[in-house]
Amino acid sequence: QVQLVESGGGLVQAGGSLRLSCAASGSIFRVNAMGWYRQAPGKQRELVATIPSGGSTNYADSVKGRFTISRDNARNTVYLQMNSLKPEDTAVYYCNVLATSTLLVALDSWGQGTQVTVSS
């Protein structure tokens, strides 16, 4: 199994920045894609950004140019740098990791969520 620990959420004024982190641990043979999703009150969970083990990153149109996803493969950690934050970015942010376990089983794991609140 994979355990995910998220950190970095909080309260920030519009125009400010936050950096989210998500560290994966457990019976991991290989971490494949990593990503961030968010869910605002009364709305469905939506993709924010993903980063595969190789290849290009992918962003929601609403965050392009403001958010940057990156990963540290040595630490099995994914980051989300969020700049120029807007009140509409307020949501619970969830980390998602697609991995292969040491038993060569495909795993799809979610973090516990971290609250990001942007005040106007």
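User: Where do the cut-offs for buried, partly exposed and exposed sit?

Analyst: Buried means under 20% relative accessible area, exposed means over 50%, and partly exposed is what lies in between. Keep in mind that this is a predicted model.

User: Okay, so why is Asn-76 called partly exposed?

Analyst: Asn-76 has 23% relative accessibility. You'll find Asn-76 in the loop between β7 (67-72) and β8 (77-82).

User: What makes the phi of Asn-76 worth a mention?

Analyst: That phi is near 50 degrees, a positive value, and Asn-76 is a residue other than glycine. Ser-84 also has a phi near 50 degrees, again positive in a residue other than glycine. Ser-84 is in the loop between β8 and β9 (91-101).

User: And why does Ser-84 count as partly exposed?

Analyst: Ser-84 comes in at 41% relative accessibility. Exposed would need over 50%, and buried would need under 20%, so Ser-84 counts as partly exposed.

User: How do you know whether Thr-114 is buried or exposed?

Analyst: Its relative accessibility is 12%. Buried means under 20%, so Thr-114 counts as buried. Thr-114 is part of strand β11, residues 114-119.

User: Which other residues does Thr-114 touch?

Analyst: Setting aside neighbours within four places in sequence, Thr-114 is in contact with Glu-6, Gly-9, Leu-20, Ala-91, Val-92 and Tyr-93.

Notes: Residues are numbered from 1 along each chain as its sequence is written. This is a predicted model: local features need pLDDT of at least 70, side-chain atom pairs count only at pLDDT 80 or more; totals for chains, interfaces and linings use all residues. Side-chain values use heavy atoms; hydrogens and water are left out. Helices (H or I, at least four residues) and strands (E, at least two) are DSSP runs, numbered from the N terminus. Buried means under 20% relative accessible area, exposed over 50%, partly exposed in between (1.4 Å probe, protein chains only). Contact means heavy atoms within 4.5 Å.
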